[in-house]
Amino acid sequence: MLHAGVDVGSKTVKLVVLDDDRALLYESYERHLSNVRETLGYTLARARTRFPDEPMTVGVTGSAGMQFAELLDLPFVQEVVAARTAIERRIPQVDAAIEIGGEDSKILFLTGGEELRMNSTCAGGTGGFIDTIAGMLDMNAEALNYCAHGCRTVHAIASRCAVFAQMDVRPLLNEGVPKEDIAGSVFDAVAAQCIAGLACGRPITGTVALLGGPLHFLSALRERFKLRLGLDDAHLVVPPDAHLFVAEGSAFEAWDEAPFALGGLIERLESVPWDQGATLERLPALFSTDAEYEAFVQRHAALAAPRADLSSAEGRVFLGVDSGSEAIKYVLADEQGRVLRTYYERSAGSVVEAAQAMLVDLWKHLPLRHDGTPAVEVAHACVTGYGEELLKKAFALDSGEVETVAHVRAARELVPDADFILDIGGQDIKCVWLRDGAVDDIVLNEACSSGCGALLSGMAWSMNVRFDRFLEAAVHAQRPVDLGTRCTVFMTSRVRHAQKEGAELGDIAAGLAYSVVRNAVYKVIRARDATSLGRRVVVQGGTFMNDAVLRAFENLYGAEVARPALAAHMGAYGAALIARDRAAEGGRSGLLSRAKVERLASGKRTEVCGRCGNACRLTVTTFDDGDAVRTFTVGNRCERALGDGAADDGLPDLFAYRLGRVFAYRSLPEDAAPRGTIGLPRALGLYDLYPFWHTLLTCLGFRVVPSSLPAAALRGRALETIPSESLCYPAKLTHAHLVDLAERGVSMAFLPYVAAEGMGGRSCPVLAGYPFVLDANVGFVHERGMRLVMPQVEAVLGEDGPDGCLVGALQEALEPVARGLGLAEVECAAHKAAREQARFREDMRAAGRAALAFMAERGVPGVVLAGRPYHGDPAVNHAIPGLLRSYGFAVLTEDALPAEEGEGTAGLGGTAGEEVGAVAGRSASRWEYPARILQAARFAAGRNDVEFVMLYSFGCGLDAVTVDQVRAVLKERGSALTALKIDEMVDLAATRIRVRSMVAAREERLARGGAR
């Protein structure tokens, strides 16, 4: 008897045939490109040529296999059960198995208590993630694997999901980081996501098996797992049929079922209607008739920029270049702003090469006089977009401009009465509100590009359909499918489900167009309804060149909008107009000549910067045009790595001051500490209360040892102990801090549970309760014999000293490690600690007064960089304070600002609460740090010389509410919020765009003489 197993997964269809001795007789592994039924039929038909009449039992499994099993009346087995069975039969010696599929990843712990850990809402760390990033680099997964073997430097890439990771990968590409390094970094991110996100605190030990298609075919991915887990060859099992294990498990599970012939299954498959019981809703057609579509096309073609013939042009011309997330464009304009020539090509992950081809095209088409001399002269070249700095260095372009400013400049040129601009590019969304022609507010998508063009191009690629055919089908679709607003990777599941229900290509493509615009309006702009955007709306960007997306937006908006014919080139057109504005009279561009462009050679090297403690890993690219050599450096968190030797401009940086002040305490020598050594993890709440705890423990006779993290500390032991993939990055870092103390031999650590800093307040639940999380999950510290001292403190500070209940809680917790410790001694120490905490608060306010006085005296602007105290950790804020300072701002912290009237002497660093939760529809709660941030926002909104920037972390639900509140406070007073969402990603390219947009809006406001 033969035994078949079919695994219909999210990306592939697998078929195996075994004999009674469990030998593998036949195997098939096919990508179904979201066309499950056709691929399944083909797979069965091909197997039938090998086994035409033999009866065989058939088991079915996989995320897409249940419907197939039900329709064909075959036994279905859940894929985890199938995998467990195959492991038991094939490799019973393993202790744990990691299996990666197309849209899921899982860890099976088989010894020490069986347990399954599987991804739930995030498709990061899966085959779909790898496919999406590979497509972004214009290669397939196999080519990505080949590149990864040449990786020399691993860059931090978030792998929560593919669209988030693109925000890390795209700047690396545009800054010239080798594809080999990016490929290796992507695989490293997948391994980190699986280990940290799935293990959730349980160590992966013993013999580990790596299963699933990605781990079978991608050897570089296996190497990353091996490195991350610290496994040797003896403890790593990679079966030769690892990609077929789940299919084999389904065959084992159906071993004794009734047999079938493959011919009968194929007949059933062809005869069963797969759309029965359809559940997906349908949306209105984009166009009801062809005539309606033709009128739509003519209406939008009318909004065109003035043009002139390049071949007959003479005199000065101006070049605008837009190095975008997916394509590179240029516009050449004359003195009158008329467009002479445009260019648009996909950059395909090779920005410099794409720019070389672009500039050769430019020089090739410039007209010549009869005597062979140039008829036109490029007077100025301006570049915008993600690749701005790289291209300025590589090709000697004259200037750069932040892309938001370039897009606004172009839109105002063509639609002077515009009051809202929506630009959707390949991986970013820019929303700009205008008031009286000036920028009033700017919002950019934070990290997710699910409302961008990448969603459409990625889906077309995954369905193996040419993009132009995909878009054309959408326009003529009559029954678009409602696919919701999920991200690229999970959207594939919806698309596959729609295909199983009989949806045609056009229905799916049109449904995706609706998804893109709904995502932009409701998730990025967060508008209550589309009509609130503005009266005169301009849409632009390459994504809006898609008529289906434009029509979907008009249907959602409920009115006609303006799309310039140059929609895909608006960034480049704006840059060309800016180049015209900046060109000096009689000046000439320094742009490389055609000969220099063609012979331009580049080389890369990596090095570690030793100019400060960050020890940044730098990628240095050199460009040699034959006459001059230029260098471009990326990977630096500050300007020191550039080696320009610039002197300190003296601008206040209260983030740096606060970091030095909060930890400015000496510990007792060992021989002067009668109660021994105790560790303090420098994380979370310790960035605010360290003065209190250090002083208290020192007064009690302990030698206090603070943790200290090396670069890339969140690996190995610490990474494996994180219990949830959705935790904020600062909380994850706490694991590394505790592991650091244990590895340094510290015998006990002080981890207070602090419900609130002051009476009547409330601390963040994660911050307050994290000692218990560490105790339950960081088993390594218990193995080292470290004792955790965890007093439960309802409040630290009272009206004029320590809280009344504090002393008893501390004495109870510390007495077991400090014999003879009495209440009086603790009370004395607590009063000293409270005074020191008050001194720290006053020092911060004094520094704030000095900074404000400096600003007033020198006439320099300031930025309130607000956030949680732990955002002062350089590992968390990624040198953003220094970035703001580099743009000429004094950097202020929210706890350094003066008190509001009626607030008392506590100032903004005090503990007064504010009803934050009520805005979110919950009962009012007194959250301490959000209250400080809101008070700081009111302070900034009342001053013309202060901007407001807020740092907040991924995974922080409370701060997500606070951001909306802060935006409302600022908007009420005519100010705008710049919100920066940060986590372990370290590239500052997207942050620079937001900061430069803020700077540009401020400069324009001041130039027009407006206060706010």
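Biologist: With which residue does Glu 894 form a salt bridge, and how far apart are the closest N and O atoms?

Modeller: A salt bridge here is a side-chain nitrogen of Lys or Arg within 4 Å of a carboxyl oxygen of Asp or Glu. Glu 894 forms one with Arg 932, the closest N and O atoms being 3.1 Å apart. The pair links distant parts of the chain, since Glu 894 sits in the loop between β29 and α33 while Arg 932 belongs to helix α33, 38 residues away. Helices (H or I, at least four residues) and strands (E, at least two) are DSSP runs, numbered from the N terminus.

Biologist: What should I keep in mind about the model itself?

Modeller: This is a predicted model, in which local features need pLDDT of at least 70 and side-chain atom pairs count only at pLDDT 80 or more, whereas totals for chains, interfaces and linings use all residues. Residues are numbered from 1 along each chain as its sequence is written, and side-chain values use heavy atoms, with hydrogens and water left out.

Biologist: Are Glu 894 and Arg 932 buried or exposed?

Modeller: Buried means under 20% relative accessible area, exposed means over 50%, and partly exposed lies in between, computed with a 1.4 Å probe on protein chains only. By that rule Glu 894 is buried, and Arg 932 is too. Both also belong to a network of salt bridges that links them with Arg 658, Asp 688, Glu 757, Arg 841 and Asp 895.

Biologist: How many salt bridges does the structure hold, and which residue does Arg 661 meet in one?

Modeller: The structure holds 54 salt bridges. In one of them the side chains of Arg 661 and Asp 843 meet at 2.8 Å, N to O. Because Arg 661 lies in helix α23 (residues 654–662) and Asp 843 in helix α30, the pair ties together parts that are 182 residues apart in sequence. Arg 661 counts as buried, at 12% relative accessibility, while Asp 843 is partly exposed at 26%. Another salt bridge joins Arg 744 to Asp 740, with 2.9 Å between the closest N and O atoms; here Arg 744 is partly exposed at 43%, and Asp 740 is buried at 11%.

Biologist: How do I read a sheet, and in what order do the strands stand in the one that includes β29?

Modeller: Strands of a sheet pair through backbone hydrogen bonds, either parallel or antiparallel. Two strands are taken as paired if DSSP finds at least two bridges between them. In this case four strands form an open sheet in the order β29-β28-β30-β31, with parallel pairing. Its edge strands, each pairing on one side only, are β29 (890–892) and β31 (977–982). Strand β30 (residues 946–953) pairs with β31 in the parallel sense over six bridges, and Phe 948 has Leu 977 of β31 as its bridge partner.

Biologist: Which helices lie across those strands?

Modeller: Angles run from 0 to 180 degrees between N-to-C directions, and axes are lines fitted to C-alpha atoms, for helices over the stretch in contact; contact means heavy atoms within 4.5 Å. Helix α30 (residues 823–858) lies across β28 (862–866), β29 and β30, running at about 150° to β29. Helix α33 (residues 928–941) lies across β28 and β30, at about 160° to β30.

Biologist: What is the pairing in the sheet that contains β15?

Modeller: The pairing is mixed in this open sheet of four strands, whose order is β17-β16-β15-β18. The edge strands are β17 (438–444) and β18 (537–540), each pairing on one side only. Four bridges join β15 (residues 420–424) to β18 in a parallel run, and Phe 420 has Val 537 as its bridge partner in β18. Helix α15 (residues 403–414) lies across β15, β16 (429–435), β17 and β18, at about 55° to β16.

Biologist: How do α15 and α21 cross?

Modeller: Angles under 35 degrees count as roughly parallel, over 145 as roughly antiparallel, 65 to 115 as roughly perpendicular and the rest as oblique. The axes of α15 and α21 (residues 570–582) come within 7 Å and cross at roughly 85°, so the two helices are roughly perpendicular to each other. Among the residues that meet are Val 405 and Leu 414 in α15, and Tyr 573 and Ile 578 in α21.
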